[in-house]
Every structure is written in structure tokens, then in C-alpha cells.
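Please keep the sequence and the structure in view while reading.

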Amino acid sequence: MNDADSAPLLEVRDLGKRFGGLTALSGVSFSVAAGETVGIMGANGAGKTTLFSLIAGNARPSAGTIAFAGGRIDGLSPDRICRLGIARTFQIVKPFPGLTVLENLRTAAMFGRAGLRDRREADAAAMAVLEEVGMAALASAPAATLTLAGQKRLEVARAIATGARLVLLDEVMAGLTATEVAQMLDTLRRVRDARRLTLIVIEHVMQALMKLCARIVVLHHGERIAEGTPEAIGNDPRVLSVYFGTAA
Amino acid sequence: MARWRSSAWIVATAVGAGGLAVLPLFGNDYLVGVGLTVLMWIALTQSWCVLSKMTGYISLGHVVFYGLGAYLVVVTWQQVPLALAIVGAGVLAAAFAALVGLPVLRVRGPYFVILSFGVSELVKFSIMAAESAGGTASRILFGAPDLGAIYFAMFALAVAATLLLMGVSRSRFGHGLRSLRENEEAAETLGVPVVRYKLLAFVLSAAIPGMVGAVMALRSTYFVVGQVFDPMISVTAIAMALLGGGDDTRGPILGTLFLFIVSEVLWIRAPLAYMLILGAVLAGFVLVAPGGILGLLDSRRARGASGA
């Protein structure tokens, strides 16, 4: 049996994804320990969202393996992966527009790892999440009426309501105002600590990434070019050359 | 207020259902025939909603199940007990849905609409070809049960279809279907087994139309392939569902009654302009009240609430 304390919660090995002739991701390896918060950095088209799609099962890897809590998950369907305990948010938000905010979370609580088949139990769990993320007042609002910040928050709330152990956050702060970013950061830290979540965070808002993560993985043209603490990444010559074009 | 309305609805449904249940004991053949038609449309429309209203996969080919059920009764006529043939019609329709469901439900939106229509036409012409190869242009059923028995069978199917949609609509399964209707990729990522759920909804929505087709074959006592696979049957059920609105059992009942009454009145009062006026009514609904009759009632209630 696996030693739960030392084995990583998520282990990605030599992961690759080709779309026809385009290589979106190749030879990416990294691991995430339970309770860690890891950032994923990279320019547009670096393969960040593709990486999330592979882990969450929305796309199948062309090469490599993904292991979660000791078992292989690559090639499983998204709903099975969700029931195992991985949830993701979508960079381009995908709410259930015709359902209320509470009903959006009910789906997650009923069908995710939480598996609360009873509607009352599911709604109680959903309501608890809404309180935690500060959306309780919007519970009965149709999701279509939310602002962008509200919809980003709904993505996060829904992912948490699945009862996931690992949550993949895809640019949940993009397009928000400075105040909204600060509120989101605060919420994420609070919920992470309260629920002992493991997070992988894709973010362009660098300061947010620095504040949230102890470790950052940098992707460029589908390959992992650097990994380390935020300070080390900030001084890494390869990263600087990719971002600022200096000849290092 | 909402509770009062819902209990008023329950009373109206109970009175209507009770009236329909005893109609053959008091009514003449014409009235019983009218009741039978209404019950048939309720059964078909409720069944259609189990797939199309709940999942958003609009089936334009639901008549294929009706036709298969009718065909089974006709080819097994006087060879197997009738009750068994009717149940068999439901099983056949469900099995056919299970068979074609996996490939057909892979496509969404307009592609699914066209594909479902294509499948029903394909089956229609296949059976036509088989029948004419066998040398039969049409068939006649001798010794079919009387109208009263047919009526009660249809009554049972209408009740069953209503209970089915009610059960689905209120269940966890139903919430999963609504979620995938709203956004399939998000639903799947949140743990809803979308492939299995869509297939199950398709199979459930097929069984009762198969039995309805079987019972209606007994009513007409003659069988022409083009008639039991008539695309207008699919279209009429869709029109009734859209006129009713909503995704619970009230919409199909309201829509069926509305369309049935309007078309009967028009047919009697304005036989020449009948289709023109009916078309205008349908177009008007789509433009002015896309939420159907239930949508109109809800918005009136909302206005009343905000005005008070």
C-alpha cells in the first residue's frame, strides 16, 4: 500500500497532448503533495488550460500518465475523475444559466465526490459553501444574472461543493478589479485552510500567484521550463527571457 | 400564494383526470373518441418532455417509437396475446432507443434534431420496403377490442407518462438532466454521468410512445406504414410541449388542451382558414411567449407580486 503521507496526491509524468500537428503539451512532469498550493505560470498558448483539461478528463493525453491518490486517472471520464475528488473551474465560465446559484451548487454536491443523493442534504452542503464564499444572498438568483466577478466566484463555489480534495483554478481572478482580486484571494485562502484543500492555480495576476503559492511551475510552448519558489521563479533567467525577451 | 396555486393545480388535475376516467361510462362514442385523442397527445407529449425538455436534446423523430409499437401489434396480430403485444411494443421502442441512442446522442443542437428526424424516416422507409417486398400495401385488423377498452388502456398510458415525467423532474436524475441541458461539459466535470443519463432519458421517453402506437393501431384497425410513421405526430407533440412551456408535467397538459381545443374550434368554425389561423397562433406564441402558457402565468404572477 501507498504511504499516504509521503506519496504525492497528484503525480503527472511525461504528459503530452497533440491536437493534429500542433503540440500543446510535451514531456511535462510535476507532482503536488496533499495540502500544497502550486501555481502554473506561462504566456498565452503555453498549455496551461490543456494541462487542466487532461487532469480533469475533459481531454485525453496523447502521452504520459496522471496518478491521483495512488491510482491512474488518465483516460477516465470527467465525471469519474470528479467523483474521485478532483474539481476544476473553467477560464471561460460555464454556469448553468437557467438554474439558480443554489441549484448550480446542488449539482456539484449531488454528483461530485460529496455524493449527497438526498436533495436536502445537498442543498445544506451547497448553502454552507455559499456562506463560505460570501454568496449566500445570491442563492436564489438565476446564474445568468450574475456579474463576471459573481460568475467566477460561482465557478469556485461549485468546484468546492463537489467535495473535491484537489481543486484546479483556471484564471479565477482574470478580468476582476483590484478590490475583487483581493476579495477572491482572501476567500481562496480561507476556504483552502478550512477545508484542507490542495490547489493548483493558473493565474496571470502575478501578485496573486505569489501570495497564494509556495511553488510555481512555469510552462512555455507546452514544456516545463522552470519550477521553484515564487522568488526563485522571479529571478530565473529562462523565465525572464521568456517574459521579457532579455538575452539573460 | 405559490402553495395555493399548486394546490389549485392539483385539484384541477384530479377533477380532470377523474372526469376522463369515467367518460366512457357516460359519454357517447364521439366524446370518448375526443377523450382518447386528448389522452394520446398527453401521453406522447409527456414522454417527449422526458428527453427533450429535460435534456434540451430536441427529438424531431419521436414518431419512430409510436410507429414501431403500432407495427409490432400489427405483425403479431392474433398470434400473441394482445396485452403482451402492447407491453412488447414498449419494450421494442425502448430497446430501439437504447440501440440508436449511443451514436445519436453524441451530436447536439440542430444536428441532433436533424438526425432524430432522419432515423425515424429511415425506419419508416425500411418498413415500407419490407412490407411491399412481402406484397402488402396495408393491413386490416379484424376483431380489435371495443372503444371503451382502448380508451382505458390509453388513460393508463397518459397517467403513466405523467407520473414518469413527474418522477424524473423531481429526482436527482432529473437534476442531472437539467444540469447537462444547461451546460453539458460543466455537468460532466461536476460528476454527472452525462452519457449514461442521456441514454436513460432517451430510453424512458421511448417506451410509452411505443405502447401508445400499439393502442392506436387497435383504434384505427387498419395499418398503413406512412400513417403510423407520420412526422406530423412528432411535430404536434413538440408544438404541444412548447405551447405548454416549463419542464414539469403541467406544461404538456396545458399545451395539449390548448392546441386540441383551438384546432377543434377552428376546424368547425373556419374549415378553410383552419391551418392558416393555427399556424399564426403557433408563430405568435413563439414570438410573444417563448416560455409558453406556463411562462405567461409565471410572468403575470411575478407582475402581481411586484405590484402588490
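Leaving aside neighbours within four places in sequence, A:Ala56 is in contact with A:Pro78, A:Ile81, A:Ile86, A:Arg88, A:Leu168 and B:Thr189. Two residues are in contact if their C-beta atoms, placed from the backbone, lie within 7 Å. A:Ala56 belongs to helix α1 (residues 48-56) of chain A. Helices (H or I, at least four residues) and strands (E, at least two) are DSSP runs, numbered from the N terminus.

Is A:Ala56 buried or exposed? A:Ala56 counts as buried because it has 25 C-beta neighbours inside 10 Å. A residue is buried if 20 or more other C-beta atoms lie within 10 Å of its own, exposed if 12 or fewer, and partly exposed in between, with C-beta atoms placed from the backbone. Between A:Ala56 and A:Ala144 there are 88 residues in sequence and 25 Å in space, C-alpha to C-alpha.

## Basis of the model

This is a predicted model, in which local features need pLDDT of at least 70 and side-chain atom pairs count only at pLDDT 80 or more, while totals for chains, interfaces and linings use all residues. Residues are numbered from 1 along each chain as its sequence is written, and chains are lettered from A and ligands numbered from 1 in the order in which they are written.

## Where the chains meet

In the contact between the chains, 22 residues of chain A meet 17 residues of chain B. On the side of chain A that touches chain B, the elements giving two or more residues are α2 (78-84) and α3 (101-111) of chain A. The largest share of this side, five residues, comes from α3(A).

By class, the side of chain A that touches chain B has ten nonpolar, five polar and seven charged residues. Ala, Val, Leu, Ile, Met, Phe, Trp, Tyr, Cys and Pro count as nonpolar, Asp, Glu, Lys and Arg as charged, and the others, Gly among them, as polar.

Helix α2 (residues 29-55) of chain B contains 27 residues. From its first C-alpha to its last, α2(B) reaches 39 Å, close to the 39 Å expected at 1.5 Å a residue; the expected span is 1.5 Å times one less than the number of residues.

α2(B) has a kink of about 45° centred on B:Cys49, where the bend is the angle between axes fitted to the seven residues ending there and the seven starting there. The helix is mostly covered, with 20 of its 27 residues buried. Just after α2(B), B:Gly56 takes a positive phi of about 80°.

## Two crossing helices in chain B

Helix α7 (residues 172-182) and helix α9 (residues 194-220) of chain B have axes that come within 10 Å and cross at roughly 110°. They are therefore roughly perpendicular to each other, a description used for angles of 65 to 115 degrees.

The contact involves B:Phe173, B:Gly176, B:Leu177 and B:Leu180 of α7(B), together with B:Val194, B:Tyr197, B:Lys198 and B:Ala201 of α9(B). Six of these residues are nonpolar, one is polar and one is charged.

## Loop residues with positive phi

A:Ala69 has a positive phi of about 50° although it is not a glycine. A:Ala69 is in the loop between β4 (63-68) and β5 (71-72) of chain A, and is partly exposed, with 18 other C-beta atoms within 10 Å.

B:Gln78, also not a glycine, has a positive phi of about 60°. B:Gln78 is in the loop between α3 (63-75) and α4 (82-104) of chain B and is exposed, with 10 other C-beta atoms within 10 Å.

Notes. Axes are lines fitted to C-alpha atoms, for helices over the stretch in contact, and angles run from 0 to 180 degrees between N-to-C directions. Angles under 35 degrees count as roughly parallel, over 145 as roughly antiparallel, 65 to 115 as roughly perpendicular and the rest as oblique.
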